[in-house]
Amino acid sequence: MSIKILAVDDEPDVLRLVEIKLKKAGFEISMARDGEEALRKALEVKPDVVLLDVMMPKMDGYTAAQRIKAESDPAPIIIMLTAKGQEADV
């Protein structure tokens with residue numbers, strides 16, 4: 001059984017790079033381009049892991065993470081990806 005990963009990023013180039021690398025490593029990948037789509041796909045696909053960008057349109061990564069954890073059963077592991085580096089952002 002392959003590990004299912006949902007990759008979420010509004011930057012198409014970043015999303016494509018993540019997809020290529022993870023597929024090559026043998027993971028089953030689904031993708032979303034914003035927080036709303038991430039929530040829909042998480043409930044549909046039931047990923048084991050969600051790689052979630054913080055800054056996205058429609059619904060930010062923090063809100064998407066909270067909703068995915070609250071509405072998924074079982075809740076996936078969520079890993080936040082961000083270019084933000086300020087202590088307040090962490």
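**Notebook: sheet, helices and cores**

I started with Ser-30 and found it in strand S2. Helices here are DSSP runs of H or I with at least four residues, strands are runs of E with at least two, and both are numbered from the N terminus. This is a predicted model, where local features need pLDDT of at least 70, side-chain atom pairs count only at pLDDT 80 or more, and totals for chains, interfaces and linings use all residues. Residues are numbered from 1 along each chain as its sequence is written, and side-chain values use heavy atoms, with hydrogens and water left out.

**Entry: Ser-30**

Is Ser-30 buried or exposed? I read a relative accessible area of 17%, so Ser-30 is buried. The cut-offs are under 20% for buried, over 50% for exposed and partly exposed in between, with a 1.4 Å probe and protein chains only. I then listed what Ser-30 touches, not counting residues up to four places away in sequence: Ile-5, Leu-6, Ala-7 and Val-45. Contact means heavy atoms within 4.5 Å.

**Entry: the sheet**

I traced an open sheet of four strands in the order S2-S1-S3-S4, with parallel pairing. S2 and S4 (77-81) are the edge strands, each pairing on one side only. The twist averages 20° from one strand to the next. Two strands pair if DSSP finds at least two bridges between them.

I checked S1 on both sides. Five bridges join S1 to S2, and Ile-5 has Ile-29 as its bridge partner in S2. Four bridges join S1 to S3, where Val-8 is partnered by Leu-52. Helix H1 (residues 12-24) packs on the sheet and touches S1, S2 and S3; its direction makes about 170° with that of S2. H3 also packs on the sheet, touching S3 and S4, and its direction makes about 175° with that of S4. Axes are lines fitted to C-alpha atoms, for helices over the stretch in contact, and angles run from 0 to 180 degrees between N-to-C directions.

**Entry: Lys-4 in S1**

S1 is mostly covered, with four of its five residues buried. I looked up Lys-4, which sits in S1. Lys-4 has a relative accessible area of 24%, so it is partly exposed. Which backbone oxygen does the side chain of Lys-4 reach at 3.0 Å? I found that of Val-45. The side chain of Lys-4 also reaches the backbone oxygen of Lys-46, at 3.5 Å. A polar contact is a pair of N or O atoms within 3.5 Å; within protein, one must be able to donate a hydrogen and the other to accept it, and residues adjacent in sequence count only if both atoms are side-chain atoms. Lys-4 and Lys-46 are 42 residues apart along the chain, with C-alpha atoms separated by 7.8 Å.

**Entry: helix H2**

In H2 (residues 35-45) I found Gly-35, Ala-38, Leu-39 and Ala-42 buried. Seen down the axis, these buried residues fall within an arc of 100°, so they line one face of H2. The arc is that of the directions from the helix axis to the C-beta atoms. Arg-40 and Glu-44 are exposed on the face turned away from the buried side. The buried residues pack against S1 (4-8), S2 (28-32), S3 (49-53) and H3 (61-71). Asp-34 caps the N-terminal end of H2, with a side-chain oxygen 3.0 Å from the backbone nitrogen of Glu-36.

**Entry: helix H3**

In H3, Gly-61, Ala-64, Ala-65 and Ile-68 are buried. Their arc around the axis is only 100°, which puts them on the same side of H3. Gln-66 and Ala-70 are exposed on the face turned away from that side. The cover over the buried residues includes H2, S3 and S4. At the start of H3, a side-chain oxygen of Asp-60 comes to within 3.1 Å of the backbone nitrogen of Tyr-62.

**Entry: nonpolar cores**

How many residues has the largest nonpolar core? I read 14; Leu-6, Val-8, Ala-38, Val-50, Leu-52, Ile-68 and Ile-78 have the most contacts inside it. S1, H2, S3 and H3 each supply at least two residues of this core. A second, separate core of five residues includes Ile-5, Ile-29, Val-49 and Leu-51. A nonpolar core is a set of buried Ala, Val, Leu, Ile, Met, Phe, Trp, Tyr and Cys residues joined through side-chain atoms within 4.5 Å.
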